[in-house]
Amino acid sequence: MAVKRGFYTIMAAQFFSSLADNALLIAAIALLMQLQGPAWMVPLLKFFFTISYVVLAPFVGAFADSMPKGRVMFITNAVKVGGCAMMFFWQQLTLPGASPYIAVLAAYAVVGLGAAAYSPAKYGILTELLPARQLVMANGWIEGLTVGSIVLGTVLGGALISPAVSGALLAFDFPLVDTHVDSPAEAAIAVIAFSYMTAAIINLFIPDTGVDHHLLKRNPLYILHDFQRSFSLLWRDKLGQISLATTTLFWGAGATLQFIVLKWAEVALGMPLSKASMLQGVVAIGIAAGAIAAARYVPLTRAVSVVPVGIAMGIVVIAMNFVRELWVGVPLMILIGGFAGFFVVPMNALLQHRGHILMGAGHSIAVQNFNENLSILIMLAVYALLIRLDLSIYAIIAIFGLFVSLTMVLVHRRHLYNQSKGDSLHLIGMEKPHAREAPPQ
């Protein structure tokens, strides 16, 4: 199936930006460990990264819809480069008497700011560029490449902080920055910044889709009201609420699982961070396989049929408690990732489709980001609390798996209830109505 010019440029930009995001997380964890930060502070990295998604959700959608999305993606990748630079120069940014952890967390929050504004443009341009029938395919591509970048990013991050590679980097004469490179983490951050720069350059070649980017109003109060309206529309929509609930759970659970896997690998398998990070890549391989299978076998009209796969994923996660050997852990990580990729790609496509019909691409994805990242904040805060309370990682895994399965059961029951009140599946694949027509719900 042919796709429009510019689609593969978007994919390339997404790959390099996501590659840097995932490598930077490993480098930032290494930097906190270098500073001897407490274990409960590690998940706070993702917490600070995610804050912008929630706080700025009403505005990033409007920002993404205010200009050609290729330009938006260039600006936001430039912001990520700035956050990388702040993390690299953390010593200079640490105020006298202040904890150095604050400078690292603040720098990572700036990278999160760029990511928050990048996301509505990244997904929103798909609905501007492609017809509804190609959205599952496009999401399969973007999730597959994103997952590929997760695999390579976590491998890259782990490799950059490993003794062999970091030793070579520290011995290399970096122009202008060499005097500031004192540790493997800082050397890794300097390299990772170039991936963000590459993504920003590629963004300049994304074509304008021809969509009108004129905002009716720029008043912040109007934007807040418009966001609240979009939020209500998606949650009231019978298909929107199911796909939104599913993706909200998935991203909260996925972010938490990143840190659970690192801790589990340390406790159950005795692996250091540079090697444990590879297991995140193994999960991502499974997600890629599941995403590809979903793109091939699940049309948009049958997107809701994958909800039970989410229930199975939570149950399989609990099996991590019985693994003590790497050769068993690797296929289990792939299986967990496969279930995740298979059920999130169709639900993502369905949510984008309903959001595009109801309100517009940037606005709907901003609402999606708000919900998904609020879920990440809550679940990471709970995980950090459980770690601080010295709860066993095995108990945390059991609680996590049961929570995912039971929540997906409730979502599935809600969909069955909605269908009992009247079929809503006929709304899938419809074209966007004219501006003066009210979208069906």
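**Tour of the cavity and cores**

The model on screen is a predicted one.

Next, show the cavity itself. The structure has one cavity of 30 Å³ or more, and the space in the largest cavity comes to about 940 Å³. To centre the view, pick Asn22, Lys46, Thr146, Ile150 and Trp251, which lie nearest the centre of this cavity among its 46 lining residues. Colour the lining by class: 25 residues are nonpolar, 15 polar and six charged.

Move on to the nonpolar cores. The largest one contains 123 residues, and Ile192, Trp264, Met320 and Met333 have the most contacts inside it. Select Met320 and display its surroundings: leaving aside residues up to four places away in sequence, Met320 touches Ile260, Val261, Trp264, Leu332, Met333, Ile336 and Ile397. A second core, separate and made of 15 residues, can be found by selecting Val60, Ala117, Leu358 and Phe370, which are among its members.

Finish at helix α13, residues 307-318. Which residues of α13 are buried? They are Val307, Val309, Gly310, Ile311, Met313, Gly314, Val316 and Val317.

Definitions and conventions:
Residues numbered from 1 in each chain as written. Predicted model: local features only at pLDDT ≥ 70, side-chain atom pairs only at ≥ 80, totals over all residues. Heavy atoms only, no water. Core = buried A, V, L, I, M, F, W, Y, C linked by side-chain atoms within 4.5 Å. Buried < 20%, exposed > 50% of the residue type's maximum accessible area, 1.4 Å probe, protein only. Contact = heavy atoms within 4.5 Å. 1 Å grid on protein atoms, 1.4 Å probe; cavity = no way out; pocket = protein on both sides within 12 Å on 5 of 7 lines; lining within 4 Å. Points joined across faces, edges and corners; volume = space filled by probe spheres on them. Nonpolar A, V, L, I, M, F, W, Y, C, P; charged D, E, K, R; others polar. Helix = DSSP H or I, 4+ residues; strand = E, 2+ residues; numbered from the N terminus.
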